[in-house]
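The sequence and the structure come first.

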Amino acid sequence: MTRYLSELWRSFSPGALILGLVFFAISLTPSLIPRPYLMQGVLSGCSLAAGYGIGVLIRTIWIYLGVPLPSPRFERPAKIIAAIGCALFALLFTWRAAGWQDSVRGLMGLDPVERGEPLGLTLVAILVFLVLLLLARLFGRTFRILSRRLERYVPMRVARIVGGVLAIALFWSVANGVLLRTGLHLADSSFRELDAVIDTDIAVPADPIKTGSAASLINWDELGFRGREFVASGPTKAEIGDFFHADAKEPIRVYVGLNSAETVEERADVALAELKRVGAFDRSVLIVAVPTGTGWLDPAAHGPVEYLHHGDIATVAMQYSYLTSWLSLLVEPGYGAEAGKALLDRVYGYWRTLPKDKRPKLYLHGLSLGAMNSERSNDLFDVIGDPYQGALWSGPPFTTAGWRSMTNNREPGSPAWLPRFRDGSVVRFTNQNNALNEATAPWGPMRIVYLQYASDPVTFFEPAAFYREPAWMKAPRGPDVSPDLRWFPVVTMLQLLLDMAMGTTTPIGHGHVYAPQHYIDAWMAVTDPKDVTADDITRLKTLFIEKMAPAAQ
């Protein structure tokens, strides 16, 4: 063991080690989401490995170009000086890490970190670094073995190129064919089992207008866990009536699970038939919602809008996956849009045949992957002759094409995290601080709102952060983005990748967790409900803040 450690120490490049420890240190600076020390350790280990790898690559290119290296007699003292200097540098940044995390936590209403965990963080980082280093050296050995064998038949440089390609192909096939597929199989099995769970606390609905009831076209067991949860929850006619001290209607919620029919088209047909059965087209408002990857629909979005319209509203959704949004986006990126389009085609196709003065106002909605797939479910050129009334899309992923186009073509002077698009007559953006009344023109016949938080990494992740500063980082910053956040090549992208994985761990109203009070402002602008006063809005926000508080704890 001692011999191996000695060989490992001698194999280190001082310059690469310096760069690696610099990357380690700056990985401790804040990003969008607060990080516990364990996750910080993983991030810092990956950053250390990335910096060291870049340093080794620079040294390899240096040697290849024939530039002289420093004399070997200076190598040992250089290593010692580099190790001591970088250790002190990293120690200084580790000591400041808790304060940097508090700069994010304070903006999100979280208590300061009680104490740092520099030792635990460092140990985790070293372990991650060593694992990645061993994998890199295994790749290097594989490359050398393949190259040497090929040199018997082809020139050396050709052998090295071909050997590199073969080594990459080999490692990729192992990672993709064994590790990734096994992981996805396990994830799919787990989420499928969760979806099939029957919660004994949720009874089969007795009301015939409820999906899954005895009168329904859809079997209760076929709704899936998220579908049963959505149908059984939400405000009742009595609760809405008591709130407004007036008559109200029972909100309609229609949900079609993956097991309700064999194909996307068949499930869309079932959804339309169920909408007709329960009288959804006789309501004043109809919302076509696209769920997240698991089939989940955010109660913070749907409950408030049902109150705003005194229950005179119907919502329809159709499941397209068991997987969480990021896994669904990875393995079946087009399927959510296909399902959303099939559902909207059926609903919109029937809706447009109805008399304009008697049909409900039609709106689209989606959160996260649901927002992207909802946006992709329709082409404005297909509906412009008889448009739906609007859409509310919250937390759209950074790959959402329409959102990205409008953000990139925003009005000069408006920040990327809260852009102004043209005169605001069709599309407006908002966040925690309601900005929907800042447009220079009144609403037109179609109203589209994007609800997004500046601290949401799902929305503001940017692959180009690898080599350039994202526009949303420039001043002025968003209301819940740390002023201590700085851009660094490579490391910032790694930070944002971890932020995406932790986007739903924030308090409600930050990150990728959207709050009902912000949905209320957005729904007010999009659907323009009648007979709702400013006092009603204040009371409704208070009601849902109190309702959502236990779930957020």
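How many nonpolar, polar and charged residues does the lining of the second largest cavity have? The lining has seven nonpolar, two polar and no charged residues. Ala, Val, Leu, Ile, Met, Phe, Trp, Tyr, Cys and Pro count here as nonpolar, Asp, Glu, Lys and Arg as charged, and the others, Gly among them, as polar.

The model is predicted: local features need pLDDT of at least 70, side-chain atom pairs count only at pLDDT 80 or more, and totals for chains, interfaces and linings use all residues. Residues are numbered from 1 along each chain as its sequence is written, and side-chain values use heavy atoms, with hydrogens and water left out.

**Overall make-up**

The protein chain has 19 helices and seven strands. Helices (H or I, at least four residues) and strands (E, at least two) are DSSP runs, numbered from the N terminus. Of its 553 residues, 49% count as buried; buried means under 20% relative accessible area, exposed over 50%, and partly exposed in between, with a 1.4 Å probe and protein chains only. Among contacts (heavy atoms within 4.5 Å) between residues at least 6 apart in sequence, 74% join residues at least 24 apart.

**The sheet**

Seven strands form an open sheet in the order E1-E3-E2-E4-E5-E7-E6, with parallel pairing. Strands E1 (252–256) and E6 (427–430) stand at the edges with a single partner strand each, so one side of each is left without a neighbour in the sheet. On average, neighbouring strands of this sheet are turned by 15° against each other, direction ignored. For such angles, axes are lines fitted to C-alpha atoms, for helices over the stretch in contact, and angles run from 0 to 180 degrees between N-to-C directions.

Two strands pair if DSSP finds at least two bridges between them. E1 and E3 run parallel and are joined by five bridges, with Thr315 in E3 as the bridge partner of Arg253. E3 also pairs with E2 in the parallel sense, over five bridges; here Leu286 stands opposite Ala314 in E3. On to E4 (residues 361–367), strand E2 (residues 285–290) has six bridges, again in parallel, and Ile287 stands opposite Tyr363 in E4.

Helix H10 (residues 299–308) packs on the sheet and touches E1, E2, E3 (313–318) and E4; its direction makes about 160° with that of E3. Helix H15 (residues 401–408) also packs on the sheet, touching E6 and E7 (447–451), and its direction makes about 85° with that of E6.

E3 is largely enclosed by the rest of the structure, because six of its six residues are buried. Ile313, Thr315 and Ala317 are buried on one side, and Ala314, Val316 and Met318 on the other, so that both faces of the strand are covered.

**Cavities**

The structure holds two cavities of 30 Å³ or more. A cavity is a set of points, on a 1 Å grid over the protein atoms alone, where a 1.4 Å probe fits but cannot get out; lining residues have an atom within 4 Å of a point. Grid points are joined across faces, edges and corners, and a volume is the space filled by probe spheres set on the points.

| Cavity | Volume | Largest share of the lining |
|---|---|---|
| Largest | about 40 Å³ | E4, three residues |

The largest cavity is lined by Val290, Pro291, Thr292, Trp296, Leu297, Asp298, His302, His365, Gly366 and Leu367. By class, these are five nonpolar, four polar and one charged residues.

Around the second largest cavity stand Ala289, Val290, Pro291, Met318, Tyr320, Gly336, Ala339, Gly340 and Leu343. E2 and helix H12 (335–351) each supply at least two residues of this lining.

**Two glutamates**

Glu266 lies in helix H9 (residues 264–278) and counts as partly exposed at 38% relative accessibility. Its C-alpha atom is separated by 9.2 Å from that of Ala342, 76 residues apart along the chain.

Glu438 has its place in the loop between E6 and E7 and is exposed, with a relative accessible area of 53%. The C-alpha atoms of Glu438 and Arg428, 10 residues apart along the chain, are 8.9 Å apart.

Definitions and conventions: On a 1 Å grid over the protein atoms alone, a cavity is a set of points where a 1.4 Å probe fits but cannot get out, and a pocket is an open set with protein on both sides within 12 Å along at least five of seven lines; lining residues have an atom within 4 Å of a point.
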